[in-house]
Amino acid sequence: MIVADDLGWYDLGCYGNDFIETPNLDRLASEGIRFTDAYAAAPLCSPSRASLITGLHPITVNITEHIHGNHPAGPNQKLQTPSIAQQLDLEFETIAEALKEKNYHTAFIGKWHLGGGKFKPDNRGFDLNIAGAWNGLPQSFFYPFFAPGEKPEIQNTSKEGDYLTDVLTNQAIDYITKKKDSTFFMSLNYYSPHVPIEAKDSLVEKYRKKRGAVDESLLPNIHYAAMVESIDINVGRILKTLGELNIDENTIVIFTSDNGGLSVEEVPAFAKHTPPTDNGMLREGKGYVYEGGIREPLLVRWPSAINEAKLDSTPVVGQDFFNTLMEVVGIEKRTSDGVSLVPLFEGGTLPKRGILWHLPHYSPQGGKPSTAYREGDWKIIAHYERNIYELYNLKDDIAESNDLSQEETKKFQEMKKAMDSVLLELNARFPQRNPDYNPSKTRV
């Protein structure tokens with residue numbers, strides 16, 4: 001399971017991007033299933049990652065925004081948002097812990113951002129943990145990556161000039177090579193293309209020449225493009241290793257991202273003069289429950305079961321991976337927050353269901369407390385500050401530009417009822433009025 005960080009739905013060639021070059025991921029798409037309507041469980045990293053690794057909804061694990069991100073409301077915020085857990089609590093079983101039933105070897109490499117200490121991957125069922133801890137980003141993508149001595153397992157095997165995405169892949173290839181004769185599960189989580197937006201000079205120059213214009217304030221962001229191509233190159237190295245070891249036929253490869261692309265200058269000093277990316281026709285990006293914040297690339301290759309390239313428009317979500325892998329390996333455990341995708345591998349369909357995203361918080365990217373719910377082609381969004389709703393038909397309006405809440409009143413009521421029912425079932429927590437709200441003051 002390979003997870004990029006902040007990679008948008010529109011950042012890959014196989015999803016329509018004609019600037020960033022991703023030949024290895026495009027090939028992966030051509031050898032398995034490319035999902036057009038795949039989603040992260042949340043528009044921010046920690047809740048999404050918690051769902052990927054447990055199969056549970058962010059509401060269930062009480063991580064509905066990024067860990068370390070919850071703050072008391074400032075006087076300029078109308079709502080006080082609910083507190084969240086600052087780690088993935090031990091009561092929630094991970095994929096790695098569940099796979100021990102079948103004696104799988106397990107490794108976690110890269111970004112965790114679900115707690116440190118006893119909550120780190122090596123205490124959550126993973127036999128090997130490389131660079132997974134509490135933090136959500138490196139100090140730099142170039143050596144030594146983190147504070148000196150903070151990640152000795154990669155710092156001690158790296159040197160000046162090394163690039164983090166390459167180093168994590170080196171560790172992944174080493175692990176695959178050692179475990180090639182056993183059953184194993186590896187979760188490879190790149191810190192890229194999250195800020196700081198830093199890439200190798202040779203790739204940056206390639207995209208500078210390709211773009212033509214020298215103005216660094218213009219999109220596409222050539223530094224970001226180079227980061228994405230570095231991911232692609234390294235996924236290619238993984239795929240090549242699987243082939244050389246003759247284990248590619250019976251190895252499932254899942255590639256996705258944790259939330260939508262960062263389309264604003266959240267941290268201008270880290271963004272290299274311009275927003276990291278745009279999300280094409282999708283509205284907004286990371287930190288929003290619009291499509292740009294939650295719709296993800298999802299590629300799945302498993303040659304022994306998926307014997308031809310497929311394009312699948314079924315709405316699926318990150319918490320589905322747990323049930324999927326449990327079914328694949330013959331473990332009876334299931335969560336009620338997700339479904340197994342195995343029927344889609346076999347040309348079947350999934351039962352009708354809705355998918356809910358709950359962000360009762362202010363995001364660093366400008367998103368405000370909101371909930372979204374999709375069922376079929378329809379999507380409803382609740383905005384809590386203004387107490388308003390929007391309704392979209394995604395089949396006709398993927399850009400979410402035509403609010404139908406006042407026209408399709410029957411469908412609106414149907415969707416609102418369904419959304420409210422799921423929120424109640426999950427015991428969702430909501431933002432409350434901020435008694436100290438004073439718009440004339442600014443938050444310090």
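**Entry 1: R295**

I began with the side chain of R295, which makes a polar contact with the side chain of E291 at 2.7 Å. I call a polar contact a pair of N or O atoms within 3.5 Å; within protein, one must be able to donate a hydrogen and the other to accept it, and residues adjacent in sequence count only if both atoms are side-chain atoms. A polar atom of the R295 side chain also lies 3.2 Å from the backbone oxygen of T36.

A note on the source: this is a predicted model, in which local features need pLDDT of at least 70 and side-chain atom pairs count only at pLDDT 80 or more, while totals for chains, interfaces and linings use all residues. Residues are numbered from 1 along each chain as its sequence is written, and side-chain values use heavy atoms, with hydrogens and water left out.

Is R295 buried or exposed? R295 is buried, at a relative accessible area of 2%. The cut-offs I use are under 20% relative accessible area for buried, over 50% for exposed, and partly exposed in between (1.4 Å probe, protein chains only). I placed R295 in strand β8, residues 295-301. Helices (H or I, at least four residues) and strands (E, at least two) are DSSP runs, numbered from the N terminus.

I then listed what R295 touches, leaving aside neighbours within four places in sequence: W9, T36, D37, A38, Y39, L282, R374, L394 and I398. Contact here means heavy atoms within 4.5 Å.

Which residues of α7 (residues 201-211) are buried? I found L203, V204, Y207 and R211. Seen down the axis of α7, these buried residues fall within an arc of 100°, so they line one face of the helix. The arc is that of the directions from the helix axis to the C-beta atoms. On the other side of α7, I noted D201, S202 and K209 as exposed. The buried residues of α7 pack against α8. Just after α7, G212 takes a positive phi of about 90°.

In α8 (residues 222-244) I looked up I233. I233 is partly exposed at 39% relative accessibility. Leaving aside neighbours within four places in sequence, I233 is in contact with N24 and L203. I also checked I233 against I2: they are 231 residues apart along the chain, and their C-alpha atoms are separated by 13 Å.

**Entry 2: nonpolar cores**

In soluble globular proteins, nonpolar side chains tend to be buried together. I take a nonpolar core as a set of buried Ala, Val, Leu, Ile, Met, Phe, Trp, Tyr and Cys residues joined through side-chain atoms within 4.5 Å. The largest core has 57 residues, and M186, L188 and F255 touch the most other members. Elements that each supply at least two residues of this core include β1 (2-4), α1 (23-30), β4 (105-110), α6 (164-178) and β7 (253-257). Its largest share, 11 residues, comes from α8.

**Entry 3: aromatic rings**

Rings of Phe, Tyr and Trp (its six-membered ring) pair if their centres lie within 6.5 Å; planes under 30 degrees apart count as stacked, over 60 as edge-to-face and the rest as tilted. How many aromatic pairs does this rule give? I get 15. One of them, F108 with W112, is edge-to-face, with 5.0 Å centre to centre and 90° between the planes. F108 is buried at 2%, and W112 is buried at 1%. Ring pairs link F108, W112, F126 and F185 into a cluster.

I also looked for charges over rings (NZ of Lys or CZ of Arg within 6 Å of the ring centre and within 35 degrees of the ring normal). K210 lies over the face of F19, at 5.5 Å from the ring centre, and R283 lies over that of Y290, at 3.9 Å.

**Entry 4: backbone**

Most residues other than glycine have a negative phi, and most peptide bonds are trans.

A131 has a positive phi near 70° and is buried at 0% relative accessibility. N62, in the loop between α3 (58-61) and β3 (79-80), has a positive phi near 55° and is partly exposed at 26%.
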